[in-house]
Each structure stands twice: as structure tokens, then as C-alpha cells.
Amino acid sequence: MTAERELVRAMLAGEERAFNAFFETYFPRVYRFAMPRLAGDVEASREVVQATLVKAIRNLAGFRGDAALFSWICQICRRQIVDYLRASHRRSERIVLMEDSEELRAALESVEAPVEDQPMHRYGSAETRRLVQSVLDRLPARYGDVLEWKYVEGRSVEEIGSLLGVGQTAAQSLLARARVAFREALETIFGSTAADVLADMRGDV
Amino acid sequence: MNNSPDDQSIEQLLQGVGKRDLPSAAVAEQVRQAVHGEWRELVEQRQRRSRFVAYAVAASVAGVVLAVVVSLQFHSTSAVPVASVARVEGLLQVDPAGSGDWRPLASGEQIATGDTLRTEEGTYAALDFGHGVSVRIDAGSLLEIASTDRVVLDRGSVYVDADPRAAAGRTTPALVIGTPYGSVHHLGTQYLVSTTRNGIALSVREGRVEVTRESGTQIAQAGEHLEIPVAGEVTRTAISPQDASWQWATRIAPAFNIDREPLTSFLDWVARETGKQLSYATPDVRAQAQKVILRGSASDLAPEQALAAVLATTSLVPTQTSSAIEIREQAGK
């Protein structure tokens with residue numbers, strides 16, 4: 001049983017700890033998923049994300065683990081966004097992001113897949129930032145959080161271990177796996193290394 | 001710290017990208033409460049079903065076959081018909097299994113568990129759940145038929161009319177309206193529940209309603225309007241049974257089948273739908289109305305139009321104020 005299916009099982013069994021883990025893991029990610037698609041409207045994002053998570057909870061027993069839990073929730077969120085825009089007469093404002101293209105969506109949903117002959121994409125600085133953040137949200141387990149804590153917030157391995165409730169060795173190991181997963185995801189999405197993506201973002205190339 | 005060039009570039013890239021946005025604590029708390037409430041409801045529903053199965057297993061040998069059949073029905077994932085469309089004004093749509101495959105629904109069609117319904121702007125609909133229970137759907141609403149006795153309102157408003165006389169002697173549970181912010185239970189009543197930007201609004205026209213939330217239970221009486229936010233104080237104001245906010249629900253009321261019914265039953269229906277007090281000028285007038293047996297149909301008319309049309313065929317006339325209907329004999333008769 002995967003960690004996600006185990007999380008779902010525990011939630012269905014009524015374990016409060018599992019609900020907390022679910023909410024803390026997926027709420028901010030789904031919020032970041034919805035926000036740019038709703039033109040940054042905070043109230044609309046709250047409403048859509050709430051409806052998405054309520055719907056996900058209601059259909060939790062139907063989650064089979066065929067897709068990642070986050071991808072499954074994002075599917076629900078897409079439908080909620082369409083419904084919201086329809087109900088609020090904002091059909092014309094529907095925003096389609098770069099990562100909504102079929103090619104990128106498939107790549108984002110399989111960030112662990114090895115890179116084959118992916119074409120090299122060039123994106124603007126803001127798009128690159130958002131795509132990298134989407135990659136962090138799509139990484140399995142809490143790899144995205146771990147990388148952010150370490151490299152953006154500058155936390156020590158000990159602090160990360162403490163945040164996750166694990167020892168220093170386990171945190172170090174998790175960080176190493178997170179780096180590998182992130183590197184591979186960048187290659188899948190951008191067809192290039194972190195250094196190239198950074199240079200691209202800064203306009204060095 | 002790992003110092004390989006590639007790791008350094010990961011560090012530099014992530015620093016360049018910056019920290020991912022986080023929703024505000026207030027937004028997070030609001031969403032958390034709503035989602036947590038839905039989760040608790042789901043868990044309790046599953047536990048109730050488990051208990052039911054356990055009881056079934058413990059039943060006597062003679063009851064085993066029956067219990068298994070019933071418990072299988074309980075667990076069946078197939079849709080169970082629960083209501084029918086009594087009236088539609090505009091375009092009512094159904095998504096039968098959450099597939100996103102919406103299709104229009106017409107009067108007379110069945111509604112089943114698992115169905116999601118939506119009304120566009122300008123669309124109003126009435127569903128008949130049997131046993132005198134009518135659910136009217138306001139424009140711009142989205143709701144799901146979660147089970148035979150639970151409708152979940154995701155967005156918009158629904159008006160519930162559960163006639164206590166029709167429900168008398170009924171053993172099945174009363175219909176519950178669930179929302180992301182709490183569940184609304186009733187016993188023989190008329191009320192309107194709406195989702196708002198930060199909670200729910202509830203107006204009770206008749207009877208008594210109980211709202212169950214994580215933070216506690218609220219009772220609302222006839223004539224009360226409650227604004228129930230996710231966090232903060234519940235506010236109560238008075239609302240008249242003839243308030244303009246009931247009008248859409250009255251207009252979409254399922255037709256009263258007048259054929260072979262006494263005039264008094266029809267007048268009771270009009271009074272209930274319009275929220276007005278019904279009276280007769282004299283006991284003789286009432287006796288006269290009781291003797292009139294109606295024939296025909298007024299199915300395309302809203303209650304007040306139907307009142308005028310039906311009484312025009314009798315020797316009785318109505319005198320209406322904003323809160324009452326008095327029936328008297330036509331002058332000169």
C-alpha cells in the first residue's frame with residue numbers, strides 16, 4: 001500500500017492525525033494551483049479550494065491510487081474552477097496557464113519519469129518561477145517542503161528533522177532523495193539542469 | 001551542507017524562485033473548518049453503516065437472509081431513486097456520477113443518489129421527495145444527492161417544504177441539508193438555506209430547524225433569519241413569512257393537483273405556499289368551501305394566480321392583505 005493510500009485509509013477510519021496531515025499537505029498546494037487560474041482572486045480561490053477539498057473528502061473512498069493524490073485533487077479542482085467561473089459569469093476570464101497544456105500537464109503529473117528526448121523549452125522569468133514552484137508542489141512526499149526549508153529558508157538538517165518528527169539521519173536522507181527527485185523533475189519539465197533553468201530565468205542565455 | 005556544483009545550482013535556483021505563496025491563516029482556518037466538518041460527517045456516516053452491518057450479522061438465523069439483503073442494499077454503489085423533478089423554469093442540469101457529463105433534466109424525470117444538480121442564472125426547479133417533502137432550488141445553485149436522506153448544498157440556496165401533515169406516521173429519517181459549514185435538520189417545516197461568502201444563511205418560515213456544526217448546535221424558530229459564519233457570532237433577525245426572499249420558492253412551487261379535492265385543501269395549500277394566514281368570513285363560508293369539490297387542473301399557475309383562477313369558478317372571493325387571505329361570499333350571491 002502506498003503512503004497516499006495509507007493516508008486515505010486512515011482518514012476513512014476517522015484518524016484525526018491523518019486528516020491533519022492531509023490538510024496540511026494538500027491545502028496550500030491546491031490553493032497555489034487554483035490561485036493563478038482565478039487571476040489571483042483570493043476570495044474565489046478560497047471558495048474553489050474549499051469546494052475542491054470537500055468534494056475530494058466526499059469521494060475519498062473512490063480514490064484507488066491509480067494517479068497521485070495531488071493529481072486526483074487537481075482534476076477535481078479544474079472542474080470546480082470551470083463551475084465557479086460559469087456560476088459567476090466569468091467564463092471569458094478563464095485563465096489557461098502554460099502548465100495546463102497537455103504536454104506540460106503530462107510531464108508535471110509524471111515528474112518522477114526519466115527524461116527522454118524532451119524538447120528544450122524557453123519560458124519567461126515569471127513563468128519559470130511558477131513552473132519551478134509547481135514542480136515543488138508536485139514532488140512526492142514532502143520533498144518540496146524539505147527543499148524549500150533547506151534552500152530558501154536556510155534551515156539546518158536538525159531543524160528539518162524536528163519539523164518532520166524524524167532524526168537527523170533520516171532528514172539528511174530525505175533531503176538527498178528530494179534533490180534527486182527535483183533534479184529529475186526539472187529535466188522532465190525544462191529539458192535542462194538547474195543551472196540552465198537558473199540562467200534562463202535570469203536571462204543569461 | 002552538500003557542496004557539489006549541481007547542488008549549489010539547485011540552491012541558487014530555489015533562492016531565485018523564492019518561497020511558495022501561502023494562504024493567510026484566516027483563509028486556512030475557514031477552509032479547514034469546512035473541510036473538517038465534511039470529513040467528520042463522512043466518518044460518522046461510515047461508522048453508522050458499519051454498526052448497521054454488525055447488527056445485521058448478530059441477528060438471528062431467521063433474520064440473516066433479510067439482514068444480508070438489506071446490508072447489501074446499504075452498501076450498494078448503484079444509484080437509488082430518491083426524488084423526481086416536479087417543476088422546472090429554465091435549464092436544470094444533472095451530472096449523474098460526478099463524471100462532468102452534464103445533461104438537461106425535465107419535469108417528471110427521476111433523481112438518484114450520486115446525482116449532482118445545477119441551476120444556471122434564471123433557472124428555478126422543484127423536486128418532489130415524496131411524503132410531502134419538496135425541495136426548491138434557487139438560480140445559480142449546485143447540490144449533490146448524497147444519500148436517500150441527505151442533500152449537500154455546495155453553492156446557492158434551497159428551500160425545503162416538509163408538510164408535517166404529510167409526514168405524519170412516516171418512519172424514514174427526515175431530509176437533511178448538508179453544507180460545507182454545517183448540517184440543517186428539521187421536523188415539519190418550511191425553511192431556506194443558502195451558502196454565503198463565509199458561512200450559511202438560514203430563514204425559517206414555519207416550524208423549527210436545527211443546525212449542527214463542529215462548534216455546536218443552533219436552533220432556529222419560525223420567523224427567524226440566522227447568519228451563521230464559520231467563525232464568529234451567529235446573528236439573528238426577524239423575517240416575515242411574506243418576505244420577498246421567499247418569492248422565488250413560491251413561484252416554483254410544485255402544482256397542487258386540484259382534481260376531486262375539496263376547495264378547503266386547495267386554500268390551505270395556497271396559504272402555506274404564500275406564507276399567509278387563511279381565514280373564512282363566517283363558519284357558513286367555511287362549510288360552503290368544504291362542500292365544493294374541484295375538477296380540472298391549475299398546474300401551470302403559481303399559487304396566487306391559481307387562487308384567482310379557481311375561486312372565479314365559485315361563489316367565493318378572496319380578500320388579500322400582505323399577510324392574510326380572507327375568504328368570503330361574493331356580494332349579491
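Modeller: One term to begin with: two residues are in contact if their C-beta atoms, placed from the backbone, lie within 7 Å. This is a predicted model, where local features need pLDDT of at least 70, side-chain atom pairs count only at pLDDT 80 or more, and totals for chains, interfaces and linings use all residues. Residues are numbered from 1 along each chain as its sequence is written, and chains are lettered from A and ligands numbered from 1 in the order in which they are written.

Colleague: How many residues of chain A are in contact with chain B?

Modeller: On chain A 41 residues take part, and they touch 38 residues of chain B.

Colleague: Which helix gives the most to that side of chain A?

Modeller: H3(A), with nine residues. Helices here are DSSP runs of H or I with at least four residues, strands are runs of E with at least two, and both are numbered from the N terminus.

Colleague: And what is that side made of, by class?

Modeller: It has 26 nonpolar, five polar and 10 charged residues. Ala, Val, Leu, Ile, Met, Phe, Trp, Tyr, Cys and Pro count as nonpolar, Asp, Glu, Lys and Arg as charged, and the others, Gly among them, as polar.

Colleague: What is the secondary structure of chain A?

Modeller: Chain A has 10 helices and zero strands. Of its 205 residues, 41% are buried, meaning that 20 or more other C-beta atoms lie within 10 Å of the residue's own, with C-beta atoms placed from the backbone.

Colleague: Over to chain B. What is the strand order in the open sheet?

Modeller: The nine strands run S3-S2-S5-S8-S9-S11-S12-S15-S16, with mixed pairing. Two strands pair if DSSP finds at least two bridges between them.

Colleague: Why is one side of S3 and of S16 left without a neighbour?

Modeller: Strand S3 (103-105) and strand S16 (216-221) of chain B are at the edges and have a single partner strand each, so one side of each has no neighbour in the sheet.

Colleague: Which way do S9 and S11 of chain B run?

Modeller: Parallel, joined by three bridges. Val152(B) has Gly178(B) in S11(B) as its bridge partner.

Colleague: What about S17(B), and which strands does it join?

Modeller: S17(B) is antiparallel to S14 of chain B, with five bridges, and antiparallel to S18 of chain B, with four. Leu226(B) in S17(B) stands opposite Leu202(B), and its bridge partner in S18(B) is Arg236(B).

Colleague: Where is the positive phi in the hairpin of S17(B) and S18(B)?

Modeller: At Gly232(B), near 110 degrees; the hairpin has five residues between the strands.

Notes: Buried ≥ 20, exposed ≤ 12 C-beta atoms within 10 Å, placed from the backbone.
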